[in-house]
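Colleague: I would like to learn how to read the fold, the sheet and the charged pairs of a model such as this one. Could you take me through them in turn?

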Amino acid sequence: MQSLRTRFGQLNCLVAEPEGPETGPPLLLIHGLGGGIWGWEPFQRRFAEHGHASYALELPGHGNDNDRETAERMGTYSVETYALWVAAALAEIGRRLVVVGHSMGGLVAQKLAESHHQLGYVFMASAPPWHM
């Protein structure tokens, strides 16, 4: 697996690519409330072994995001705000992907699915969109 830490829009991202040709659709990975890029790394290795490129995004104020000002405002961000950040990252990535969201990341993916056509969406143990 070849990996690279970079940024797309305002989000940190770990890009993992297979050693050989891509044989499956690329994946965009969105973590849950208590997560970060680190939670996706073991999965990215497996995805790469099976021919999938993957992009693990880190939502502001989570994981290794050291922006103290953003972290202090984290409780004021809505799911829609996170979805807008992810949409900006998607635009910069410039490919259609299968979007995978876990827990709160699944809710972010649901909001994204309302307006952004991708190859597919997977909601893992996703938070429900009640009162949204």
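This is a predicted model: local features need pLDDT of at least 70, side-chain atom pairs count only at pLDDT 80 or more; totals for chains, interfaces and linings use all residues.

Colleague: What percentage of the residues count as buried?

Modeller: Buried means under 20% relative accessible area, exposed over 50%, and partly exposed in between, with a 1.4 Å probe and protein chains only. Of the 132 residues of the protein chain, 47% count as buried. In strand 5 (residues 98-102), four of the five residues are buried.

Colleague: In what order do the strands form the sheet?

Modeller: Strands of a sheet pair through backbone hydrogen bonds, either parallel or antiparallel. Two strands are taken as paired if DSSP finds at least two bridges between them. Here six strands form an open sheet in the order 1-2-4-3-5-6, with mixed pairing. Strand 1 (2-8) and strand 6 stand at the edges, each with a single partner strand, so one side of each is left without a neighbour in the sheet.

Colleague: Which strands pair with strand 5, and in which sense?

Modeller: Strand 3 (residues 27-30) pairs with strand 5 in the parallel sense over four bridges, and L27 has V98 as its bridge partner there. Five bridges join strand 5 to strand 6, which also run parallel, and the partner of V98 in strand 6 is G120. The chain crosses from strand 5 through helix 4 to strand 6 in a right-handed β-α-β crossover; right-handed says that, with the strands pointing away from the viewer, the path from the first strand over the helix to the second runs clockwise. As a contrasting case, strand 2 (residues 11-17) and strand 4 (residues 54-58) run antiparallel and are joined by five bridges, with N12 bridged to E58.

Colleague: Where does Q118 lie, and is it buried or exposed?

Modeller: Q118 lies in the loop between helix 4 (104-113) and strand 6 (120-124), and is buried, with a relative accessible area of 10%. If contact is taken as heavy atoms within 4.5 Å, and neighbours within four places in sequence are left aside, Q118 is in contact with L90, R95, R96, L97 and V99.

Colleague: How many salt bridges does a search of the whole structure find?

Modeller: Side chains of opposite charge can pair when their charged atoms come close. A salt bridge is a side-chain nitrogen of Lys or Arg within 4 Å of a carboxyl oxygen of Asp or Glu, and the search finds five of them. One of them joins E80 and K111 (3.8 Å, N to O), with E80 in helix 3 (residues 79-93) and K111 in helix 4, 31 residues apart. K111 also forms a salt bridge with E114, at 3.2 Å between the closest N and O atoms, and the shared partners join E80, K111 and E114 into one network.

Definitions and conventions
Residues are numbered from 1 along each chain as its sequence is written. Side-chain values use heavy atoms; hydrogens and water are left out. Helices (H or I, at least four residues) and strands (E, at least two) are DSSP runs, numbered from the N terminus.
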